[in-house]
Amino acid sequence: MSVEIPVTVAHPTAALPADRLTADGRTADGRTADGLSGEPFPRVETTNGEGLPDLRELAAVSKLLETNPAAAAIGWAADRFGDGLVLASSFQDSVLLDLAVQVKPDVEVIFLDTQYHFPETLDYVETLRERYDLNLNVVTPGVELPGPGELDRWMTDTDGCCGARKVVPMARALSGKRAWMTGVRRDEAATRASTPIVTWDVSRGLVKVNPIATWSDQDVEQYIRDRELAVHPLTDQGYASIGCWPCTRAVGDGEDARAGRWAGTDKLECGLHA
Ligand code: SF4
């Protein structure tokens, strides 16, 4: 499959424009991607075990995609990495899923079943699985739940719990893949404010793509309305960011979306994206 990267677009949720790059990095009339160097836009070849990518090239791809719609980032990744590309979804909403299946309907979708999700989240997963006929890979942690009267790690060691139930299973799921996509956005939290669209994930040794990194909360809401997407059942109850039930609460007016995650502690991220 050959997917082209659009050159310009006014709004991140806009459809793919007609003016697009060909697979060799030129526009139809022969212009180059940056319009300056005269060189075709770089083609990045990188996989696990095949050495480090050219980080300058990844940065250049990321820069180009800053001014293009999310579908362009997904298309670029699908073109470059084929079935080595996976999408990791927390199933808090279906924006990235909806975008991704329009570009690559059979993209593998990873869902980490930590065993501590809200029942509403598990119902939502099934709703979306049916709606999109998802190629869904539900990954379980391989960690026993505590017996009666026993403490689980989320009560005493949230970093250890996230490590065992999220980070390690994700590493297992990504083993052998070439790139992963996530729905991380800069608008979500200060810890995510500098999220690139494309980067080299050093800890996992594969490319990481964040197609909606530039989207604001308003962009997300608009896209959900425009596409009439199914909404997570807890969203209307004030849950702006939804993770495991022991570590998630609804947020009040004026609070950051992620203020309800590990509330009352100094923990901000689970370790998947930090
Ligand atoms: S979010 Fe809470 S329950 Fe879920 S893995 Fe992390 S510490 Fe454990």
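The following exercises, each with a worked solution, concern the predicted model shown above.

Residues are numbered from 1 along each chain as its sequence is written. Because the model is predicted, local features need pLDDT of at least 70 and side-chain atom pairs count only at pLDDT 80 or more, while totals for chains, interfaces and linings use all residues.

**Exercise 1. Overall architecture**

Determine how many helices and strands the protein has, and give their pattern along the sequence.

Solution. 
- Step 1: The elements are DSSP runs numbered from the N terminus, with helices (H or I) of at least four residues and strands (E) of at least two.
- Step 2: On this basis the protein contains 7 helices and 6 strands.
- Step 3: Their pattern along the sequence is α-α-β-α-β-α-β-α-α-β-β-β-α.
- Step 4: Burial is counted from C-beta atoms placed from the backbone: a residue is buried if 20 or more others lie within 10 Å of its own, exposed if 12 or fewer, and partly exposed in between. Of the 274 residues of the protein, 37% count as buried.
- Step 5: Two residues are in contact if their C-beta atoms, placed from the backbone, lie within 7 Å. Among contacts between residues at least 6 apart in sequence, 64% join residues at least 24 apart.

**Exercise 2. The packing of H2 on H3**

Describe the geometry with which H2 and H3 pack, and list the residues that make the contact.

Solution. 
- Step 1: Axes are lines fitted to C-alpha atoms, for helices over the stretch in contact, and angles run from 0 to 180 degrees between N-to-C directions. Helix H2 (residues 70–81) packs on helix H3 (residues 95–103) at an angle of about 50°, and their axes are 9 Å apart.
- Step 2: That angle makes H2 oblique to H3; angles under 35 degrees count as roughly parallel, over 145 as roughly antiparallel, 65 to 115 as roughly perpendicular and the rest as oblique.
- Step 3: The crossing of H2 and H3 is right-handed, the near helix being turned clockwise from the far one by less than a right angle.
- Step 4: H2 contributes Ala 70, Ala 71, Ile 74, Gly 75 and Ala 78 to the contact, and H3 contributes Leu 99, Ala 100, Gln 102 and Val 103.
- Step 5: For the classes, Ala, Val, Leu, Ile, Met, Phe, Trp, Tyr, Cys and Pro count as nonpolar, Asp, Glu, Lys and Arg as charged, and the others, Gly among them, as polar. The contact of H2 with H3 then has 7 nonpolar, 2 polar and no charged residues.

**Exercise 3. The surroundings of H3**

Explain why H3 is described as largely enclosed by the rest of the structure, and state which elements its buried residues pack against.

Solution. 
- Step 1: The description holds because 7 of the 9 residues of H3 are buried.
- Step 2: These are Val 95, Leu 96, Leu 97, Leu 99, Ala 100, Val 101 and Val 103.
- Step 3: The buried residues of H3 pack against H2, strand E1 (85–88), strand E2 (108–112), helix H4 (119–132), strand E4 (179–181) and helix H7 (217–227).

**Exercise 4. Positive phi values**

Solution. 
- Step 1: Phi of Phe 91 is near 55°, and phi of Asp 133 is near 50°. Each is a positive value in a residue other than glycine.
- Step 2: Phe 91 lies in the loop between E1 and H3, whereas Asp 133 is in the loop between H4 and strand E3 (135–139).
- Step 3: Phe 91 is buried, with 23 other C-beta atoms within 10 Å. Asp 133, with 11 C-beta neighbours inside 10 Å, counts as exposed.
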